[in-house]
Amino acid sequence: PAAAYGSAACGADLLWLELVPQAGGETHVVLPFPVADFRRESVAFAGGDWAARLEAALAAATTVTVASDHFASGSTATFEYANLLLTGMGRLRAQALGSRLEAIAVLDPGVAGAAGGAASVRAHWASLGIVAHEIDLARLRGGAGTAVADTPPPAAPAAGLRHEMRSLLFADAVGYSRLTEDQIPRYVERFLGAVAQLNRRTAHRFEHVETAGDGLYLVFAHAPDAARYALELNELASERDWVSMGLPAEFDLRIALHAGPVYCGRDPVTGGALFTGPHTSRAARIEPITPPGQVYASAAFAAVAAASGADDLNLRYVGRLPLAKGAGQLALYHVERA
């Protein structure tokens with residue numbers, strides 16, 4: 001193998017991370033949450049030398065990606081997210097190398113799987129047509145012994161909220177702060193009105209939309225829908241003659257995309273739908289550094305889109321750029337139609 005992408009739980013994950021470098025391949029580790037939490041939840045409980053082997057595998061890895069900055073108690077969404085990232089990162093790398101992507105799953109047919117476990121991601125690989133090699137633990141045991149499920153703990157309700165994967169779109173109207181009092185009604189009628197028309201006709205459905213001054217915030221269940229809608233929105237902004245509608249010549253949009261687990265429920269203040277969490281903040285930090293007239297996405301969004309089979313999109317790596325408000329750096333992609 002040229003490169004292998006996977007997580008680092010005790011057992012099969014760490015065995016592969018030790019074997020691939022022996023064959024001359026790179027290892028790219030994707031953890032669902034920070035190392036200390038991952039060591040506690042997915043490695044150290046098994047005892048033995050697994051914790052030390054985790055540290056050695058991380059030190060030897062070409063890259064280590066931490067999907068979420070915080071551990072979410074009882075959530076399977078964080079594990080599902082990590083599986084999407086490692087799948088999408090593998091697809092993008094194979095495309096860049098002009099190589100092929102194959103998968104390996106170590107499974108016990110007698111153990112019920114759950115979201116975020118090996119059986120779950122194996123089914124997702126099958127839906128994408130990825131060639132997968134399976135190692136049957138029951139057959140290797142020859143019917144002797146027992147197995148322990150590899151799945152995360154069941155999700156626990158938190159204040160009536162659900163922790164689920166979503167794709168997030170933030171857009172900002174360039175030049176809004178310089179609009180005059182007389183131009184604000186034109187902005188509402190002609191720009192927001194055009195967005196409303198787009199929302200009625202688009203085939204790429206969203207779950208939630210908000211406006212606030214110069215901003216648009218939309219939430220999608222699926223990354224490909226978010227990307228395709230973003231391109232439609234960008235075309236709407238770039239193809240209109242805004243000057244003839246009484247808006248400034250420099251009027252345009254900056255559009256940013258991100259994907260990750262968020263808390264979904266009802267806002268106790270407004271009674272409306274609520275989608276919130278650290279990943280919404282990450283999406284909001286990308287939008288201010290996006291060039292006007294462009295659609296930028298986090299590397300995580302690009303990976304989730306690739307893992308969702310969005311082959312009609314061109315996801316071009318831009319580089320690691322500093323985020324707004326001193327929020328560090330993030331690898332970003334430019335999103336276009338293929």
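User: How many of the nine residues of helix α10 (residues 299-307) are buried?

Analyst: This is a predicted model, in which local features need pLDDT of at least 70, side-chain atom pairs count only at pLDDT 80 or more, and totals for chains, interfaces and linings use all residues. Residues are numbered from 1 along each chain as its sequence is written, and side-chain values use heavy atoms, leaving out hydrogens and water. Helices (H or I, at least four residues) and strands (E, at least two) are DSSP runs numbered from the N terminus. Buried means under 20% relative accessible area, exposed over 50% and partly exposed in between (1.4 Å probe, protein chains only); α10 is mostly covered, and its count of buried residues is eight.

User: Which residue takes a positive phi just after α10?

Analyst: Let's follow the chain out of α10, whose buried residues include A305, A306 and A307. Just after this helix, a positive phi of about 80° belongs to G309.

User: At roughly what angle do the axes of helix α2 and helix α3 cross?

Analyst: Two packed helices are described by the angle between their axes and the distance between the axes. Axes are lines fitted to C-alpha atoms, for helices over the stretch in contact, with angles from 0 to 180 degrees between N-to-C directions. The axes of α2 (residues 35-42) and α3 (residues 50-60) come within 11 Å, and their crossing angle is roughly 140°.

User: What does that make α2 relative to α3?

Analyst: Angles under 35 degrees count as roughly parallel, over 145 as roughly antiparallel, 65 to 115 as roughly perpendicular and the rest as oblique. On the α2 side, V35, F38 and R39 make the contact (heavy atoms within 4.5 Å), and on the α3 side A51, L54, E55 and L58 do. The crossing angle of roughly 140° makes α2, relative to α3, oblique.

User: Is S42 buried or exposed?

Analyst: S42 lies in helix α2, and beyond its neighbours within four places in sequence it contacts A9, C10 and F79. Its relative accessible area is 9%, which means that S42 is buried.

User: What is the relative accessible area of A3?

Analyst: A3 sits in strand β1 (residues 3-6). Not counting residues up to four places away in sequence, A3 touches E26, H28 and R93. A3 is partly exposed, with a relative accessible area of 22%.

User: How far apart in space are A105 and G116, C-alpha to C-alpha?

Analyst: A105 lies in strand β4 (residues 102-107), where it is buried with a relative accessible area of 3%. Leaving aside neighbours within four places in sequence, its contacts are R122, W125, H133, E134 and I135. A105 and G116 are 11 residues apart in sequence, and their C-alpha atoms are separated in space by 13 Å.

User: How many aromatic pairs does a search of the whole structure find?

Analyst: Rings of Phe, Tyr and Trp (its six-membered ring) pair if their centres lie within 6.5 Å; planes under 30 degrees apart count as stacked, over 60 as edge-to-face and the rest as tilted. Ring pairs link Y176, Y187, F191, W242 and F251 into a cluster. Across the whole structure, the number of aromatic pairs is 14.

User: Why does the pair of F220 and Y229 count as tilted?

Analyst: F220 and Y229 are both buried. Their ring centres are 5.6 Å apart, and the pair is tilted because the planes of the rings are at 50°.
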